[in-house]
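Please look over the sequence and the model shown here, and then follow the text through its pockets and its sheet.

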Amino acid sequence: ARVSVFDGRVYCVGDAAEKDKSERTAANAHAEGEYVALDIARRVGGRAAMPLYEAPPRLCAISLGSRDGVVVLGAWVALRGYLAALVKKLIQWHAISPQSPHSLP
């Protein structure tokens with residue numbers, strides 16, 4: 001007899017997962033990966049599975065030169081212009097700073 005692992009759950013994240021093309025972003029793949037890692041850790045620890053994953057609205061910061069940009073949250077344009085470019089720079093700095101949980105060793 002076969003014994004199912006993790007109640008038969010199969011995890012698929014990133015571009016391999018079936019989803020709308022607009023959701024195929026690095027930010028979404030990162031969030032999906034974190035969800036799967038947390039859920040597997042819970043299951044290995046004997047705790048209940050997390051609720052099914054639902055993608056949150058994503059923040060997207062786009063540079064349009066060094067002094068221009070746009071920041072979009074979901075379908076809403078949150079910032080434009082110089083302030084958006086500044087926010088993009090702050091996000092990049094945070095992502096690569098040694099204190100960031102997302103920085104590479």
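The second largest pocket is lined by 15 residues, and C12, V13, E32, Y35 and Y53 are those nearest its centre. A pocket here is an open set of points on a 1 Å grid over the protein atoms alone where a 1.4 Å probe fits, with protein on both sides within 12 Å along at least five of seven lines, and lining residues have an atom within 4 Å of a point. The lining of this second pocket comprises 10 nonpolar, no polar and five charged residues, and its volume is about 310 Å³.

This is a predicted model, in which local features need pLDDT of at least 70 and side-chain atom pairs count only at pLDDT 80 or more, while totals for chains, interfaces and linings use all residues. Residues are numbered from 1 along each chain as its sequence is written, and side-chain values use heavy atoms, with hydrogens and water left out.

The largest pocket holds about 560 Å³ of space, and of its 16 lining residues A26, A27, H30, L59 and I91 are the closest to its centre. The largest contribution, five residues, is that of α2.

Strand β1 also belongs to an open, antiparallel sheet of three strands in the order β1-β2-β3, where two strands pair if DSSP finds at least two bridges between them. The edge strands, each pairing on one side only, are β1 (59–63) and β3 (76–80). Between β1 and β2 (residues 69–73) there are five bridges, and I62 stands opposite V70 in β2.

How values were computed. Helices (H or I, at least four residues) and strands (E, at least two) are DSSP runs, numbered from the N terminus. Grid points are joined across faces, edges and corners, and a volume is the space filled by probe spheres set on the points. Ala, Val, Leu, Ile, Met, Phe, Trp, Tyr, Cys and Pro count as nonpolar, Asp, Glu, Lys and Arg as charged, and the others, Gly among them, as polar.
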